[in-house]
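Visitor: I have a model open and some quick questions. Can we go through them one at a time?
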Amino acid sequence: MTLKQDIVGNAMQMAVVNLAPGQTVYCEAGKFLFKTTNVTMETRLGGPAGSDGRQTQSGAGGGMGGMLRQAMGTAMQVGQRALAGESLAFQYFTAQGGEGTVGFAGVLPGEMRALELNGTRAWFAEKDAFVAAESTVDFGIAFQGGRTGMKGGEGFVLEKFTGHGTVIIAGAGNFIDLNPADFGGRVEVDTGCVVAFEEGIQYGVQRVGGLNRQGLMNAVFGGEGLSLATLEGNGRVILQSLTIESLANALKKAQGGDKQGPTGGLFSTNVG
C-alpha cells in the first residue's frame with residue numbers, strides 16, 4: 001500500500017501523511033508533530049522488522065523460542081542505535097476506523113524528501129536524517145569500516161533503509177540531486193553535505209591535496225579540514241547546502257561566541 005504524503009513548507013518543511021484504515025507509519029522519537037484523534041500512537045524500542053527483513057509479531061516463530069529470538073533481535077537493534085548515538089525508540093502510528101492524518105518534521109531548517117523503495121536497492125543516509133517510514137521499510141545502522149570511518153567524521157555512522165515502501169528523510173538547507181555518472185563517475189564534496197545515496201554508490205574519504213604547501217593551505221584556511229567525501233558510481237545522490245557544523249558556528253558567532261577562529265579549517269576551535 002503506497003504511503004500518501006505531502007511535503008509542505010519552505011524554510012522548515014514538514015511531511016503530512018494520510019493513512020488508510022489499518023495502515024501504520026513509524027518515526028524516530030522527536031520527529032512527530034500532530035495527528036488526528038483516530039490515529040493510535042505506540043512507542044517501542046524495536047524496529048518494524050526482524051533481522052531477516054520480515055515483519056516480526058509477538059511470539060512469531062513458535063512459542064518461547066520465537067519470543068526469545070524477537071527479544072534478542074530487539075536488544076541488538078537497540079544496542080546498535082545506542083552505539084551510533086541514535087534515538088533508542090520508535091513511535092508507531094496506525095489509523096483506526098477510517099483514514100487518519102499524521103504530521104512529521106526534521107530538527108533543522110531545510111528540506112525533506114520521500115524515497116520510494118522497491119526492494120531492489122537500499123538507501124543510505126546520514127545520521128539523524130530519518131524522519132518517518134511505512135512499517136514495510138526496515139531501518140538499520142551501517143558502520144563505515146576502518147579508515148573511511150575514522151577520516152569521514154559525519155560518514156562514520158549511516159542509516160540504512162531496505163524493503164518496500166516510502167521513507168521520508170530531512171536535511172539542512174536546500175537539496176540537490178545528482179548522479180556521479182553524469183560527472184565522470186565521481187564527485188568530491190564536503191563530508192557534512194552528504195544527505196543520502198542509493199546502494200551501489202561507493203562512499204569514501206580522501207585527503208584534501210598532498211602534504212605540501214598547497215595541501216596545508218587548503219586544510220588550514222579552506223574551511224574543509226583535511227578530508228573530502230568521495231561518491232562514485234551510477235545512482236542517485238542527495239546533497240544539502242547547509243552543514244550542521246556551519247550552522248552551529250554561525251549561531252555561536254551571532255551570540256558573540258565564535259569558536260571557529262580566523263582561519264577555520266584545521267585550526268577550528270569548535271567543540272560542539
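Predicted model: local features only at pLDDT ≥ 70, side-chain atom pairs only at ≥ 80, totals over all residues.

Visitor: Which element holds Leu33?
Guide: Strand β4, residues 32-35.

Visitor: What does Leu33 touch, leaving out residues up to four places away in sequence?
Guide: Met14, Gly103, Phe104 and Ala105.

Visitor: How far is Leu33 from Val16?
Guide: The C-alpha atoms of Leu33 and Val16 are 9.4 Å apart in space. In sequence, 17 residues separate the two.

Visitor: New topic. How many helices and strands are in the protein chain?
Guide: Four helices and 18 strands.

Visitor: What percentage of the residues is buried?
Guide: Of 272 residues in the protein chain, 44% count as buried.

Visitor: What share of the contacts is between residues 24 or more positions apart?
Guide: 78%, taken over the contacts in the protein chain with a separation of 6 or more.

Visitor: Now the inside. How many residues are in the largest nonpolar core?
Guide: The largest nonpolar core has 21 residues. Tyr26, Phe130, Phe161, Val167 and Ile169 have the most contacts inside it.

Visitor: Which strands supply at least two residues each?
Guide: β6 (90-95), β8 (112-118), β9 (123-126), β10 (130-134), β11 (137-143), β12 (157-170) and β15 (194-198). The largest share, four residues, comes from β12.

Visitor: What other core lies apart from that one?
Guide: One of 16 residues. Leu3, Val17, Leu19 and Val25 are among them.

Visitor: Back to Phe161. What is it in contact with, leaving aside neighbours within four places?
Guide: The contacts of Phe161 are Leu117, Ala122, Trp123, Ala125, Phe130, Val137, Asp138, Phe139, Val167 and Ile169.

Visitor: Why call β12 largely enclosed?
Guide: Because 10 of the 14 residues of β12 are buried. The rest of the structure encloses most of the strand.

Visitor: How many bridges join β8 to β12?
Guide: Seven, and the two strands run antiparallel. Met112 has Ala170 in β12 as its bridge partner.

Visitor: What about β11 with β12?
Guide: Antiparallel, over seven bridges. Phe143 stands opposite Val157 there.

Visitor: Remind me, what holds paired strands together?
Guide: Strands of a sheet pair through backbone hydrogen bonds, parallel or antiparallel.

Visitor: What is the strand order in the open sheet of three strands?
Guide: β14-β17-β16, with antiparallel pairing. β14 (186-189) and β16 (202-207) stand at the edges with a single partner strand each, so one side of each has no neighbour in the sheet. From one strand to the next, the twist averages 30 degrees.

Visitor: How many bridges join β14 to β17?
Guide: Four; β17 covers residues 227-232. Arg186 has Glu232 in β17 as its bridge partner.

Visitor: Let's talk backbone. What is phi of Asp128?
Guide: Near 75 degrees, a positive value in a residue other than glycine. Most residues other than glycine have a negative phi.

Visitor: Where does Asp128 lie?
Guide: In the loop between β9 and β10. Asp128 counts as partly exposed, because its relative accessibility is 36%, and the buried class needs under 20%.

Visitor: Last thing, confidence. What is the mean pLDDT of the protein chain?
Guide: The mean is 79, and 67% of the residues reach 70 or more.

Visitor: Where is pLDDT under 50?
Guide: One stretch is residues 50-60, which has 17 contacts in the model beyond four places in sequence. Residues 146-155 are also below 50, with 15 contacts beyond near neighbours in sequence.

Technical notes
Residues numbered from 1 in each chain as written. Heavy atoms only, no water. Core = buried A, V, L, I, M, F, W, Y, C linked by side-chain atoms within 4.5 Å. Buried < 20%, exposed > 50% of the residue type's maximum accessible area, 1.4 Å probe, protein only. Contact = heavy atoms within 4.5 Å. Pairing = 2+ DSSP bridges. Axes fitted to C-alpha atoms, helices over the stretch in contact; angles between N-to-C directions. pLDDT = per-residue confidence, 0-100.
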